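Please open the model in a viewer and keep the selection tool at hand.

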Amino acid sequence: MVNTLPQVAALLPVFLLGFTGLALLLVDTISPDARSNTSMAVVGAVGSLAALAASVWLVVSGTGSTDTGGAITLFAEAIKVDTMALFFAAIFASVTALVVVAAHDYFHDHESPAAFYSLVVFAATGMTLLAAANSLAVVFVALEMVSLPSYVLVAYLKQNRGSVEAGMKYFLVGALSSAIFLFGISLVYAATGSLLFSGVAEGIGSLDGLAGVAGLGIVMIVGGVAYKTASVPFHFWAPEAYEGAPAPVSAFLSSASKAAGFVVAFRLFTEAFPVGASLTAGIDWVLAFGILAAVTMTLGNFAAAVQEEVKRMLAYSSIGHAGYVLIGVAALSQDGGANGAVMGAAMAHLLVYGFMNTGAFLFVAMAERWGVGRTFEDYAGLARRAPVASTAMAVFMFSLAGLPPFAGFFSKYFLFMGAIDNGFLWLAAFGAVNSVVSLYYYSRVVKALFIDDPASSSSLDAIDVRPTGLYAAVVFAAVATVLLLPGFGPVIETAEAAASALF
Amino acid sequence: MMIEALIGFTFVAALLVLLAPDEWAGRLAFAFSLLPFAGALSLWSGFDGAGNALTGGDIAYATQIEWLEVGGRTVSWFVGVDGISLPLVVLTTFLVPLAIVSAWTPIDARQSQFYGLMLFMEANLLGVFTALDFFLWFVFWEAVLVPMYFLIGIWGGPRRKYAAIKFFVYTNAASLLMFIGFMSLTFALGDSVSSFALPEITQAIADGGLGTWFNISPDRIAMVAFLAMFLGFAVKVPIVPFHTWLPDAHVEAPTPVSVLLAGVLLKMGTYALLRFNFTMLPDQASALAIPIAAVAVISVIYGAMLALAQKDLKRIVAYSSVSSMGYVILGLIVFTEYGVGGATFQMVAHGLISGLMFMAVGVIYNATHTRMVGDMSGMADRMPVAVGILVAGAFGYMGLPLMAGFAGEFFIFVGSFAAPALPYAPIFTALAMFGIVIVAGYLLSAMQSTLFGPFELETDYDVGPAPFHDVAPLAVLLVAIIVLGVAPDIFFEMIRDAAVPVVEGVTVDG
């Protein structure tokens, strides 16, 4: 069925999201009734769900997979659609759908909610494009296409000082890291003479004394990736931005935008700078990523453990999870038999994370909507008034901690197991210890919701509304987090096949 | 498909009860919980297994469906029962309805959540006792903790938050240790296994499939794995010195939760020890026979001494569980037919007796709102039936013949006295037997001061007989204890059938 379509149909998820963004602008022009954002939410949700359906359908029908003739390259090889691109498109589309639905209630009294939807969807378009990039130039353009709407989104509550300040910080760090990333690209181009990944990889093999230039370029590119994924040493913006931004935006950034950073890393460090050629050239980025992964997960988890505000705790936990996923790059080896397995596990973790972390931030969005406060104490006893949402939050917390009855257990387990199979026992050990630490602060949220008594009998009165959209998004994310445990088989198989195709 | 139906139904029932209104959640949960019991009875009546599930025996009601693949090994939905797990399945489904009825009086808030969580825990417990794939088993094993955490944390006593967190952290850390131990085994097995099915792994180890991994010799890996798993399960059992979470959890937990905690959850630990440590790695176990027997005897004596020093009735029963679990460990380590069989039998017997004791203490607490030995006396005057059953149960604990506790302990002592695998077996056995004397001491003295003599209790209301639905579960339990004591063979036969291959797995020198 797919064969009868032109090859460009492989970019269907990108097109669908792009058209949705344009449609949102059109809707806003036709009926600029700023008070009602229902039509915007519906269009955004339908568009992103269509993109999700398209990506799943393309994956299932084998588009771009090695079984059906390999990746589809388009536009003079600048774009390459393979299973990995589609897998990530599915992550981005699911997160976008959840965020758009939740935002309907979150921005119910915002004076101009319309721009929000188009910005989110355009950012998601950039992410799906990023996942299919096959040239450093496309990577950069797509990355900026993700970043620019993100800056605006963080500062979206422009009457709120925290939001604006967060946006400013995010923008400054972002601009700096974009410049570094671009400089890195130019150095790599100077050393290898190509922007296409395959050309770069060939060039890395025969550097002729330019190893220093290429190495510096790669270090700078690593810096750009670290910024986008909120990893050490460019993680400083993350707690500020996630805390100050409106919660749906934090959900979007910490799940989708982080995954976008990782897809760049996965592609660049397999196709453009393959392990073997890089090591031959004396550029040991594997060790660099190993150290970054260990430091990032340790810093994220220990910092999360001392937070008093739930949203800030989630921000640091999101840094910790970046550390886990970095194992997917850090545990690669020259002829490691489990390269595909470990990177595939990292992809699967990002998918699961897309649901559980988005869900957790959307629960915070719900708390902000109710106005119950930000700290753990403020969450005390919420389960009495909102049992369903609180149960969903408990599912997210336990799953993020990696407890077995939920999908987070399997994705973490496969990740650590892949690392061990490739001989990186120490990374797996770091990950396991950090997982134990994380149980402490995740269970604090559950304890507050279910076990602690509310500060006063009237403190629960703030919960006077049942925002339908937020509820739907949170519950759906929870159901997905649970169902991904029995349904983990197809996910991990797809992810491993997608990752193996890159080696 | 019977087991799937059993677990699946219990999950669905948990959901339905969770959504039911508080007023009749308790009745609904009781009605639902009778069905799994009926299901377990039909499993029992149609049981056609033989031998031990792990060592290649015939597994009853087995189903194996592939789930996913990790590192070249398949993880599957693999369930089934043998002579060791079936009695525990029956015990679980039998205790849950009784525990639910015993909750009708004390649980007066958020009922639907309480009963929903109880059923949810039952479903996972059934999974623990039937799963024969490591991953499936581990998922159920950990999933038991989550409802337990809420049950203690929400409906517990004054220090419930501390107790819930302590329970959760302790047992989770232990699970991680155990998980790492088991995983190092599978790594060392390398290509000699193609799945995480416990029978396949057990047989591969028995056939010498362990290889070198990260330059560590097979023997050392097996020993490290044994120790990691032993420590992990020791927390759950609990074995002294890993028992400190237990009194806190028991004292704070509401009565029906204590019943399941002592009656079934502790058996998860001994069941896992039997399955993993003693069946998979029998040589390592017998190499460590003396230290393990020593901690078993220490648990017996030290647990009983701690019980002797308590003033809170619930703490007394809680510490005596530590003591009873020591007998189970002793029975397992001697590697004789009667030792291992008796230990398994004692798991069931102790589940019934400790369930009865906790329930009876709960009934008294419902009426008096105190559990302190010094606060009351002469309760027999006011609640004759409940007290009568409590006294009978206490005698069961002390090992009165024709009650289940006697049979279990008798089998263990018969098996351990002349055990070839354990040096100095008669000494260990004699020391452990001394524990019974202490048990009799503290139970008799506690009963004498609270139950008999003139009635004394400072209350502003009348203390009268307990309601029927409080006493009925006690009576049912007592009947079950006596039946099992009079006719232990209804379980012991199948247990022995499954225990013999475990015993044959060990090589005894000389």
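Begin in chain B of this predicted model by selecting helix H3 (residues 85-102) and helix H11 (residues 255-280), which pack with their axes 8 Å apart at an angle of about 165°. Because an angle over 145 degrees counts as roughly antiparallel, H3(B) is described as roughly antiparallel to H11(B). Viewed along the line joining them, H3(B) and H11(B) form a left-handed crossing.

Next, display the side chains where these two helices meet. On H3(B), select B:Leu88, B:Leu91, B:Thr92, B:Leu95, B:Val96, B:Ala99, B:Ile100 and B:Ser102. Their counterparts on H11(B) are B:Thr255, B:Pro256, B:Val259, B:Leu260, B:Gly263, B:Val264, B:Lys267 and B:Tyr271. Coloured by residue class, this contact of H3(B) with H11(B) shows 11 nonpolar residues, four polar and one charged. When reading the spacing along a helix, recall that an α-helix has 3.6 residues a turn, so residues three or four places apart point the same way.

Now move to chain A and select helix H17 (residues 407-421) together with helix H18 (residues 425-451). The axes of H17(A) and H18(A) are 7 Å apart, and the helices pack at an angle of about 155°. That angle makes H17(A) roughly antiparallel to H18(A). The crossing of H17(A) with H18(A) is left-handed. From H17(A), the contact draws on A:Lys412, A:Phe416, A:Ala419 and A:Ile420. From H18(A), select A:Leu425, A:Leu427, A:Ala428, A:Gly431, A:Ala432 and A:Ser435. By class, the residues of this contact between H17(A) and H18(A) are seven nonpolar, two polar and one charged.

Does H18(A) have its 27 residues mostly buried or exposed? Of these, 19 are buried, so H18(A) is largely enclosed by the rest of the structure. A distance between the end C-alpha atoms of H18(A) gives 38 Å, which agrees with the 39 Å that its 27 residues should span at 1.5 Å a residue.

Finally, show both chains and select the residues at their interface. Here 19 residues of chain B are in contact with 19 residues of chain A. On the chain B side, the elements that give two or more residues are strand S1 (60-70), helix H5 (134-143), helix H6 (145-155) and helix H7 (160-189). Which element of chain B supplies the largest share of this side? H7(B) does, with six residues. The residues on this side of chain B comprise 14 nonpolar, three polar and two charged.

Conventions: Residues are numbered from 1 along each chain as its sequence is written. Chains are lettered from A and ligands numbered from 1 in the order in which they are written. This is a predicted model: local features need pLDDT of at least 70, side-chain atom pairs count only at pLDDT 80 or more; totals for chains, interfaces and linings use all residues. Two residues are in contact if their C-beta atoms, placed from the backbone, lie within 7 Å. Helices (H or I, at least four residues) and strands (E, at least two) are DSSP runs, numbered from the N terminus. Ala, Val, Leu, Ile, Met, Phe, Trp, Tyr, Cys and Pro count as nonpolar, Asp, Glu, Lys and Arg as charged, and the others, Gly among them, as polar. The expected span of a helix is 1.5 Å times one less than its number of residues. A residue is buried if 20 or more other C-beta atoms lie within 10 Å of its own, exposed if 12 or fewer, and partly exposed in between; C-beta atoms are placed from the backbone. Axes are lines fitted to C-alpha atoms, for helices over the stretch in contact, and angles run from 0 to 180 degrees between N-to-C directions. Angles under 35 degrees count as roughly parallel, over 145 as roughly antiparallel, 65 to 115 as roughly perpendicular and the rest as oblique. A crossing is left-handed if the near helix is turned anticlockwise from the far one by less than a right angle, and right-handed if clockwise.
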